[in-house]
Amino acid sequence: MTRTFARKRFRNSFAATALLVIAACSNVAQAATYTMYRDPGCGCCDAYADYAEENGYHVTRIDDRDFDKRSVEVGVPEQGLGCHLAEVDGYYVSGLVPVEIIQRLTSERPEITGITLPGMPQNAPGMAGKSGTLKTYAFGEDGITVYSNE
């Protein structure tokens, strides 16, 4: 094998590897997209969006005074509404759900519509910070169940 041929082969191999890395990074970025519908006056939602961004999500904030109606329309139980609604990787996430639980949801891919952390618990991310137990519920065609209690 000539030295010139070896260099060309190395360059082609390097270029192919670089393209694979770029493609893989593009897929990761797409998986980390978080679209948030929130009341424009909610400071907790802004704090939560910052928290999600610090944990690798690209958050698009959409002001929507009727996010609660949108939440019910997509299946969030009225008694389980959170302070905002998000779309994350094919699921709906209502409220201040810790990112670890969202990551588990999007990696396990259960057959549900989404999850909700009702209300605005003081120990949730976006409030005083996660401490203690938070009960998150799954919702979908099969009804409502506890998804996480941690």
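Predicted model: local features only at pLDDT ≥ 70, side-chain atom pairs only at ≥ 80, totals over all residues.
The secondary structure of the protein chain comprises 4 helices and 7 strands, arranged from the N terminus in the order α-β-α-β-α-β-β-α-β-β-β. When contacts between residues at least 6 apart in sequence are considered, 49% of them join residues at least 24 apart.

The largest nonpolar core contains 28 residues, and those with the most contacts inside it are Tyr34, Tyr48, Tyr57, Val93, Val97, Ile102 and Ile115. At least two residues of this core are supplied by each of β1 (33-38), α2 (43-54), β3 (84-88), β4 (91-94) and α4 (99-108), with α2 giving the most, namely 5 residues. Ile115, when its neighbours within four places in sequence are set aside, is in contact with residues including Tyr92, Val93, Val97, Ile101, Leu105, Phe139 and Tyr147.

A search of the whole structure for disulfides finds 0. The cysteine sulfur closest to that of Cys42 belongs to Cys45 and lies 3.3 Å away, which is too far for a bond, because a disulfide requires the two sulfur atoms to be within 2.5 Å. For Cys44, the closest cysteine sulfur is that of Cys42, at 4.7 Å, again too far for a bond. Cys42 itself has a relative accessibility of 15% and therefore counts as buried, the limit being under 20%.

Terms used
Residues numbered from 1 in each chain as written. Heavy atoms only, no water. Buried < 20%, exposed > 50% of the residue type's maximum accessible area, 1.4 Å probe, protein only. Core = buried A, V, L, I, M, F, W, Y, C linked by side-chain atoms within 4.5 Å. Contact = heavy atoms within 4.5 Å.
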